[in-house]
Amino acid sequence: MSQLLHRIFFDNPEIPEQIYRFCQGIPEYVQAREKYYALTQELEAAMGRQWYFTFEDRLNQYWAWENRAHYLFGLNLRREILEGFQGQG
């Protein structure tokens, strides 16, 4: 079961495209992305390309693990809520 859930939620090739399209409809996201990219160009110029890429890679790894934990925690809460409703029926 764990492998099935992993495939559905983590190895689903459609999810990144769906997230991208969803985010394009959020003006605050688009604005934040534009500000982020402008700042990355400034940082890369100040730090040098290799230092910047190393920093960004490590930051992305850290955020990916933290986001995965938040996502999995949220799934667990939804499971507990659904199990609670089943017990009442």
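The protein chain has a mean pLDDT of 85, with 83% of its residues at 70 or more; pLDDT is the predictor's confidence in each residue, from 0 to 100. This is a predicted model, so to speak: local features need pLDDT of at least 70, side-chain atom pairs count only at pLDDT 80 or more, and totals for chains, interfaces and linings use all residues. Residues are numbered from 1 along each chain as its sequence is written, and side-chain values use heavy atoms, with hydrogens and water left out. Where pLDDT is low, the predicted coordinates should not be read in detail.

As for the fold, the chain holds 4 helices and 0 strands, running α-α-α-α from the N terminus. Helices (H or I, at least four residues) and strands (E, at least two) are DSSP runs, numbered from the N terminus. Of the 89 residues, 7% are buried, where buried means under 20% relative accessible area, exposed over 50%, and partly exposed in between (1.4 Å probe, protein chains only).

On the surface, Leu39, Leu43, Met47, Trp51 and Phe55 make up a nonpolar patch with about 500 Å² of accessible area together. Helix H3 (27-47) and helix H4 (49-88) are the elements that give it two or more residues, and H3 gives the most, with 3. Patch members need over 30% relative accessible area and no salt bridge; like charges are joined within 9 Å, and nonpolar side chains (Val, Leu, Ile, Met, Phe, Trp, Tyr) within 5 Å. A salt bridge here is a side-chain nitrogen of Lys or Arg within 4 Å of a carboxyl oxygen of Asp or Glu. Trp51 lies in helix H4 and counts as exposed because its relative accessibility is 61%.

Turning to the rings, the structure holds 2 aromatic pairs. In one, the rings of Tyr52 and Phe53 have centres 6.0 Å apart and planes at 55°, so the pair is tilted. Rings of Phe, Tyr and Trp (its six-membered ring) pair if their centres lie within 6.5 Å; planes under 30 degrees apart are stacked, over 60 edge-to-face, and the rest tilted. Tyr52 is buried, at 3% relative accessible area, whereas Phe53, at 34%, is partly exposed.

Key. Accessible areas come from the Shrake-Rupley method with a 1.4 Å probe; for residues, only the protein chains shown count as cover.
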